[in-house]
2 protein chains.
Amino acid sequence: MKKDFLYSEITNNIANKIKLGVLKAGEKLPSVRKLSSQHGISINTAKRVFLELEGQSLIQPKPQSGYFVSDLAFFKLPLPETSSPIPFAQNREPDELMNEVYSTMGRNDLTLLSIGVASGNLLPLAKLKKEIIQATRGLSEGGSEYEPLQGNIKLRRMVAARSLTWEGNLKEEDLITTNGCMNALSLCLMALTKPGDTIALESPCYPGILQLAVSLGLHVVEVATHPVYGIEIEALKKLLPQIKVCLLVPNFNTPLGYCMPDSSKKEIVELLTKHEIPLIEDDTYGDIHFGPERPRCCKSFDKEGNVLWCSSVSKTLAPGYRVGWVAPGKYKEKLLRLKLVHSLSSVTVVNEAIANFLMTGRYDNHLRRLSKTLQENYQHYALAIADFFPVGTKVSRPQGGLTLWLELPHEIDTQTLYHYALKKGISISPGRIFTLQDQFHNCLRLCISLPWSEQLRLDLKQIGSLAKSLQQQPPSLRTAGRACS
Amino acid sequence: MKKDFLYSEITNNIANKIKLGVLKAGEKLPSVRKLSSQHGISINTAKRVFLELEGQSLIQPKPQSGYFVSDLAFFKLPLPETSSPIPFAQNREPDELMNEVYSTMGRNDLTLLSIGVASGNLLPLAKLKKEIIQATRGLSEGGSEYEPLQGNIKLRRMVAARSLTWEGNLKEEDLITTNGCMNALSLCLMALTKPGDTIALESPCYPGILQLAVSLGLHVVEVATHPVYGIEIEALKKLLPQIKVCLLVPNFNTPLGYCMPDSSKKEIVELLTKHEIPLIEDDTYGDIHFGPERPRCCKSFDKEGNVLWCSSVSKTLAPGYRVGWVAPGKYKEKLLRLKLVHSLSSVTVVNEAIANFLMTGRYDNHLRRLSKTLQENYQHYALAIADFFPVGTKVSRPQGGLTLWLELPHEIDTQTLYHYALKKGISISPGRIFTLQDQFHNCLRLCISLPWSEQLRLDLKQIGSLAKSLQQQPPSLRTAGRACS
């Protein structure tokens, strides 16, 4: 344990120096031997540190010369700023814009860079189909019957077993299945809040979570968030007295893609537990890690059942199956009651199929392939952005997940850019939908899960050109395209 | 239209006279010719009236002699009383009892007379399995992809087409799919209420609806309900100023099984529309009619989009598929938004399978068989109850659906009976879980959807004997078994 912690610390330390620009592109790193003696770690551990960093595209080996900081043009692009939301700003929903962006869901005449799900060709569809057919044949009543309230036992057993990969040590009785992760988050929020309560979220935040909070009558406090480290703990501390619940996406958060360091995860769990504020942890993206190590979850630091850990297979296997779950800690009875009255049962056959799929052991292979492809896509995107986007564009450094976050020069309005791009057949997510405040007008999210192609490069070029043309318009015209969808 | 209305009026009129005991068991009815001339209807319409009444087991033909009021022993059993809940009583959840009853869900060592779903052998399981397999093979990505937000278009088209059977005239764009009917009710209540609001329900009421309302922080007003006509409109009228939403199950309501007369449906829709109180209509049981006519829904009288009509295939085809829907009238946008944030998508493959099944045209045949079997079961149960239950037991007259409601002599505590029966391997639903008030202590619900058998007759005999033994205990011991589960 202690050794693992040291290994993570060293890796994160170097990774952060690279991301923050302390170590520059092309700079040489110490040798394996030197790293080992500097930190008092074994040669093997030092090698693992470099492999992890290479996995994150942060360093590259050169034959006979050792490791160097990646000189991808991308790493010359600056990082986005730490966000600076106003702590108790009045919540203003980007209603109309949300509706517009979501209405493009399922349109196959568009390049959908706005939808954060893996495209079908990245998923093991043939195997999943087979599992559905076998589950239908195998279940005594073909899946027509209700499940037990807590959910499919084999699925819960497999999710519990897999929790070892993030030091979770869950048991099957700790878990309740749900209709995807959004349904898990919805049940958690209903269990823990009443309208008028205040909830703390990262900023920028996944629009679905913002909308869910609003739909439950909650007041949202957006907390300053660093693009590499995640939510600013000091900022969060100041808000604690007003907060009823905290909801975080610490692993490969969309849109930023960061992975909160273990030390921060531990600190936040202890802080919230001390203040008796439940933490809802959305770990939907945790399995999609670009580095070799599956990151830990906040739940793994939870000693008192104060963390409600939620996840699903919607981003890694099958969005349309709606197979998700929650480990609700000490709130289990409340959650079960809510599941009973709001949805009664999950869908029997798809839960059985996913349970069986996980039992085949193919999931890990699939995750490796999926993550590798997404990481390659990320590098393709980064190079295209460096080539085609306006000077001064800042880009996130996702360590996993499905999305990239861009901060364009401040004079570019991405709501206008959204409409211009849509006319060219490309759908992007404008920054404003990731907040309930007056911020991120010059930001946007790109989904990196479409298969890479020359056409996609041209689409990114197109967005870059549109952004440049917007930049050159006189100020009075820069937001003129907002309404012209 | 007018002719249909006359037909319904005459049928209901005779039906009610029989149920209320105005026409006695064994009494002869007028001839077809006489009925026709009495009411100025055609011979064919008069014949339809008698067929409908025969379908409801209310009358029996005797060769060469005409129709007689059924002389089933059953019809000598009195009807339960109109309920008399206290209008603004403090809501008291039967929490522990609910948990006990629901924990028997899925136990296959018990005779489950407590669970209101059709047993597998009443369902077209082989055909449904085939549909799942074909849907999995047929969908381009095997159902792994999200559906459009509003739901499977073929399913919505089929549900819309079927709405003609109850004069609904819905179109596919009027419908949104949901994860079963409970999820539809949950979304409707979330759209229309905030905590602290008051909602009017029938009394007795399905426990799931009571629990759902409580979980959303709503205050429940239970309204006096007649076992044949449904909710008392005069009682409802007095409560209107305090009510935010009304939720009714007008067709084959569980537990009572009544079918609200068309004239009442019309009156309630007009009344609520006038007072701008939305009506959520749960029509889950509407397709399970013992008579030949599918009853109309309140929605069919709705001119202003004030009725949110909810239903599913959970009671008629496959509980475990969670395929339901809502026609939310003028609240469509609100409902769509809530579906987006609380569940995002229905499960693609099961919705496609049900859509395809409905398109085969087999559903109507299946419904006829299902309803016929349930009606036969109802008659078996009624005879057993007449034979074995304490003198003075009152029994509902379901015209469809899956359940029977019994009112035992007032000194019998059904919570104690529940525990005694459980020890004998039989699970029933005690009356107290159908209310948030201090009522129905001597009532119980029996599910009539298990396949009829001699064993089931013996189980009913067992319950009857236990009830009789409870009746004979000294008053101090009558509730002694409440806690001994």
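**How two chains meet**

Guide: In this predicted model, the contact (heavy atoms within 4.5 Å) takes 56 residues from chain A and 56 residues from chain B. Local features need pLDDT of at least 70, and side-chain atom pairs count only at pLDDT 80 or more, while totals for chains, interfaces and linings use all residues. Residues are numbered from 1 along each chain, and chains are lettered from A in the order in which they are written.

Visitor: How do you know how chain A and chain B are related by rotation?

Guide: A rotation of 180 degrees with 0.0 Å of shift along its axis superposes chain A on chain B, with an RMSD of 0.1 Å, by least squares on the C-alpha atoms of residues with pLDDT of at least 70 in both. The two copies are therefore related as by a two-fold rotation axis.

Visitor: What makes the meeting of A:Arg337 and B:Glu93 a salt bridge?

Guide: A salt bridge requires a side-chain nitrogen of Lys or Arg within 4 Å of a carboxyl oxygen of Asp or Glu. The side chains of A:Arg337 and B:Glu93 are at 3.5 Å, N to O, so the pair qualifies. The count between chain A and chain B is four salt bridges.

Visitor: What makes B:Cys181 buried or exposed?

Guide: Buried means under 20% relative accessible area, exposed over 50%, and partly exposed in between (1.4 Å probe, protein chains only). B:Cys181 has 6%, so B:Cys181 is buried.

Key
Heavy atoms only, no water.
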